[in-house]
Amino acid sequence: TDLSQPNFNWTDLIDINNYADGNYTLEVYAQDDVGNNRTKTTWFIIDKTELTLYYNPSTIANNTIQNTQSALINITCSDQYRDTVILNWNGANESFDNSAGDVFWEIKSGLAQGDYSFYAFCNDSAGHSAQTNTRFFSIDLSSPTWSGNKTSPASGTVYSQGVNYQFNVTWNDNYFIDDITIEHNFTGVLNNDTMSNISNEYYYE
């Protein structure tokens with residue numbers, strides 16, 4: 001545009017790769033033919049650094065099954081120009097209840113029996129973003145139950161050497177059976193032995 005015109009538009013492209021991350025000030029000065037002048041100042045941030053996001057060790061581990069009704073989610077999100085930090089809890093976004101510097105955490109308590117999932121997301125003012133992997137855990141407040149008792153000979157039968165005895169019970173649980181213990185006095189002394197298993201079938205020999 002001709003400088004003699006009443007309006008003047010000026011554009012200059014800046015290669016930010018030549019500048020370090022930081023806050024920069026831009027000042028423009030204009031003056032007319034009779035000495036009237038004005039200065040306009042603005043500022044901008046250069047942020048080429050990706051932010052850092054990770055779970056801290058105190059966070060409940062992935063695929064945990066527990067019988068307590070609480071869970072701790074503890075993450076670190078580090079960035080000079082951090083903007084938003086979000087906890088996604090069972091598919092719904094919310095803010096962390098607690099924070100100190102780059103550390104954010106939340107304690108979920110009073111949880112009912114069931115399955116849960118969560119992940120964390122954060123971004124900065126320059127548009128960088130990061131998301132943790134999704135973790136899953138389950139709360140199991142119910143004890144295993146048994147059914148289908150098949151005992152042969154019947155309970156109370158006098159033991160006879162050389163006779164085969166069968167005690168067959170089906171155990172059920174909301175999640176997984178960890179181990180099964182049989183209490184017996186086959187040797188004349190009351191013992192508790194952990195039963196062996198092949199897949200989901202447990203046996204004692």
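How many bridges pair S8 with strand S9 (residues 103–108), and in which sense? I found 3 bridges, in the antiparallel sense. Strands here are DSSP runs of E with at least two residues, numbered from the N terminus, and two strands pair if DSSP finds at least two bridges between them.

I noted the ground rules. The model is predicted, so local features need pLDDT of at least 70 and side-chain atom pairs count only at pLDDT 80 or more, while totals for chains, interfaces and linings use all residues. Residues are numbered from 1 along each chain as its sequence is written, and side-chain values use heavy atoms, with hydrogens and water left out.

I then traced the open sheet, in which 4 antiparallel strands run in the order S3-S5-S9-S8. S3 and strand S8 (98–100) are the edge strands, each pairing on one side only.

Next I searched the whole structure for aromatic pairs and got 9. Rings of Phe, Tyr and Trp (its six-membered ring) pair if their centres lie within 6.5 Å; planes under 30 degrees apart count as stacked, over 60 as edge-to-face and the rest as tilted. I picked Tyr55 and Phe118, an edge-to-face pair with 5.9 Å between centres and 85° between planes. Tyr55 is in strand S3 (residues 52–55) and Phe118 in strand S10 (residues 114–124), so the pair ties together parts 63 residues apart in sequence.

I checked burial (buried is under 20% relative accessible area, exposed over 50%, partly exposed in between, with a 1.4 Å probe and protein chains only). Tyr55 is buried at 12% relative accessibility, and Phe118 is buried at 1%.
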